[in-house]
Amino acid sequence: MRNPPSDAKLTGLFLDMLAAEQGAGPNTLDAYRRDLTDFSEFLTRVGHSFADAETQTLRDYLADLDSRGFKSTSVARRLSAMRHLYRFLLNERIRAEDPAAILSGPKRGRGLPKVLSIADVDRMLTRAKELSEAEDASPSKRLRSLRLYCLLEVLYATGLRVSELVALPRTAAKRDARMIVVRGKGNKERLVPLNEASRQAMADYLAATDSAKAEKKKDSLAASKWLFPSFGESGHLTRQHFARDLKELAVASGLQARLVSPHVLRHAFASHLLHNGADLRIVQTLLGHTDISTTQIYTHVVEERLKSLVRDLHPLAEK
């Protein structure tokens, strides 16, 4: 190709394809954009571009990432982004060959997910409920506490991704709703059941927000379609804001902040279900995993349970 498009142009076309054909969401697109921007900046420094880089240049980039102290998981993710990009360029006939096809990534073991114990989660739920019922709290502080308690109850009851949780519609809080429809990765929908505690937490939180809006009729959030509205660009509470509030709650509950995050609570949901005998396929469906292999990371919980059963109950086990 005599005058190939710029890296920025190719990145834009690639991201458009991901959004249109694969239903990639904003977070996925942002991650690809960051990775490919870094790759493009490296190519510019060495006098190349997406359109003319060869396999050795790609290897040099991976080596550069290693020299910058990137973890193997991060290097593997950058390599995945390059592979997707070059398959796209090959399919669009912008490249005649795929320079990333023969690249091998760093070996990485799949670590076990961080998991809170049932007792830890119970401590956080208890503390969140106490804060939401504090009689000496100001109206605004009580509303924030009710929101956090609602978020925590719903997250532990459903195992939603944090992006799915904060973007729940207001209609999810219907008092008689036993199931909610969740739009997950790839714009795919799934049904997720609610328990009584999460339904009650949503009802209490919604009643408090309605009461607050009645007192402030000019509040622009009154017409929001989101269950957890915000004045920000997204229109709903951000993942980062919820994560900060959750860490503060962890400390207030006597836990280490570094051990708690929305994703850790999603792990706790799955692990606790399996520990109590849930079928792996059911957990896969609830989590919204396309591939069962993604869910199998939680089988360490079942394995440990089986080991303890054999150790404690087998007649020939050592006493």
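**Salt bridges, pair by pair**

Okay, let's start with D30: with a relative accessible area of 34%, D30 is partly exposed. Keep in mind that this is a predicted model.

So what does the D30 side chain meet? That would be R33, in a salt bridge at 3.0 Å, N to O. R33 is partly exposed too, at 38% relative accessibility. Both sit in helix α2, which covers residues 26-45, and because they are three residues apart there, about one helical turn separates them.

Now, on to R78 and D35. Their side chains make a salt bridge at 2.7 Å, N to O. This pair ties together distant parts of the chain: R78 is in helix α4, residues 72-91, while D35 is in helix α2, and they are 43 residues apart. Are these two buried or exposed? R78 counts as buried, at 9% relative accessibility, and D35 is buried with a relative accessible area of 5%. The cut-off for buried is under 20%, so R78 and D35 both qualify.

A network of salt bridges links D35 and R78 with D38, R45, D64, R68 and R77.

And how many salt bridges turn up across the whole structure? The search finds 17.

Notes:
Residues are numbered from 1 along each chain as its sequence is written. This is a predicted model: local features need pLDDT of at least 70, side-chain atom pairs count only at pLDDT 80 or more; totals for chains, interfaces and linings use all residues. Side-chain values use heavy atoms; hydrogens and water are left out. A salt bridge is a side-chain nitrogen of Lys or Arg within 4 Å of a carboxyl oxygen of Asp or Glu. Helices (H or I, at least four residues) and strands (E, at least two) are DSSP runs, numbered from the N terminus. Buried means under 20% relative accessible area, exposed over 50%, partly exposed in between (1.4 Å probe, protein chains only).
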